[in-house]
Amino acid sequence: LSSGPWFLACGRTNVSCRMVKGKLVEVGKWPWQVSILLLGVYICSGSLIHQQWVLTAAHCFQRSKDPLQYSVMVGVQHLPENGTQLPLTRIVINEDYHNGMSQDIALLKLRDPVFWSPIVQPVCLPSNKFKPHIGSSCWVIGWGFTGKKVTPKPPYSLQEMAVRIINNDVCKQRYQFLFLKDQKKFIGDDVLCASSEWGMDTCQGNSGSSLVCQENNTWIQMGVVSWSFSCGRRHFPGIYTSTSYFTHWIRTQIADMRFLSRASPAFWSPVFLTGYILLVSLGSLWLL
């Protein structure tokens, strides 16, 4: 990751307010969120994990795997929204994904590195040993989902939804009617299960979005929105691709990718860390 003038560290936000169509709205709350377009039309979401790489779901590319047909928009707060479309050079789909419900992960390589800004920042990824605890509260980022019977109308705003991590065994029990007896591995170690705090769900249109958990003021992407059986029904938890399970796979694609074993100042950028040390030193001198 580049430590450019606007890059402090992965998983950090810089919330501000901006006038959008006459309304005051928050921007920069989820600066890694991107929209993925097929021939200029939104199809899925993703997250910036590197200056030139986006993490998303593999099932988003069932219609075409030609990178020239796709583009990405960063710093987006609403859908649809006019902005610069960034072209792709590669789509890397996990080799074990076969149009099913597991191994649902993909990486997109941008043709050119993005420029970091207050509203364009990367999210952190966990190491293979860094997993969310059962019962912990996390957030799913998406576009205008409500889980209500009334379908929201565009423009769709970037929103967040609170979810609670639940045991995969609970998911297996809830979804056992979908699978044959020899298909128990459909909900295996490569996925996380999470239930909405308020009976909402990610519903349609949010595939590839991030499931993030906060550790020491650092946002870490623990999952990728994959699928759920029924929008907005608590009985059926949402299924998310576990990012920590695919640490090795991601590293084979992105050589200079770093992963968090825990959220600590060790992962701050050198520029930010130097400034932090300087401020602490000046504070100590002032106290003397």
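Modeller: Start with W227, which sits in strand β14, spanning residues 218–227. Keep in mind that this is a predicted model.

Colleague: Why is W227 called buried?

Modeller: Buried means under 20% relative accessible area. W227 has 14% relative accessibility, so it counts as buried.

Colleague: Where is S207 found?

Modeller: S207 lies in the loop that runs between β12 (191–196) and β13 (210–215).

Colleague: What makes S207 buried or exposed?

Modeller: The cut-off for buried is under 20%. The relative accessibility of S207 is 16%, therefore S207 is buried.

Colleague: Which residues is S207 in contact with, beyond its neighbours within four places in sequence?

Modeller: Contact requires heavy atoms within 4.5 Å. With those neighbours left aside, S207 is in contact with C44, S45, H59, C60, V225 and S226.

Colleague: How much of the protein chain is buried?

Modeller: Of its 288 residues, 49% are buried. The accessible surface of the chain comes to about 14900 Å², and carbon and sulfur atoms account for 55% of that.

Colleague: What is the volume of the largest pocket, and what lines it?

Modeller: The volume is about 330 Å³. The lining has 23 residues, and those closest to the centre of the pocket are V74, G75, T84, L86 and V120. Three strands, β1 (16–20), β6 (70–74) and β8 (86–93), each supply at least two residues of the lining.

Colleague: How do the lining residues divide by type?

Modeller: There are 13 nonpolar, six polar and four charged residues in the lining of the largest pocket. Gly counts as polar here.

Colleague: How many helices and strands does the protein chain have?

Modeller: The chain has three helices and 15 strands. Among its contacts between residues at least 6 apart in sequence, 69% join residues at least 24 apart.

Colleague: What is the pLDDT of the model, and where does it stay under 50?

Modeller: The chain averages a pLDDT of 81, and 74% of the residues score at least 70. Over residues 264–288 pLDDT stays under 50, and the model has 19 contacts beyond four places in sequence for them.

Colleague: Why does a low pLDDT matter to a reader?

Modeller: Where pLDDT is low, the predicted coordinates should not be read in detail.

How values were computed
Residues are numbered from 1 along each chain as its sequence is written. This is a predicted model: local features need pLDDT of at least 70, side-chain atom pairs count only at pLDDT 80 or more; totals for chains, interfaces and linings use all residues. Side-chain values use heavy atoms; hydrogens and water are left out. Helices (H or I, at least four residues) and strands (E, at least two) are DSSP runs, numbered from the N terminus. Buried means under 20% relative accessible area, exposed over 50%, partly exposed in between (1.4 Å probe, protein chains only). On a 1 Å grid over the protein atoms alone, a cavity is a set of points where a 1.4 Å probe fits but cannot get out, and a pocket is an open set with protein on both sides within 12 Å along at least five of seven lines; lining residues have an atom within 4 Å of a point. Grid points are joined across faces, edges and corners, and a volume is the space filled by probe spheres set on the points. pLDDT is the predictor's confidence in each residue, from 0 to 100. Accessible areas come from the Shrake-Rupley method with a 1.4 Å probe; for residues, only the protein chains shown count as cover.
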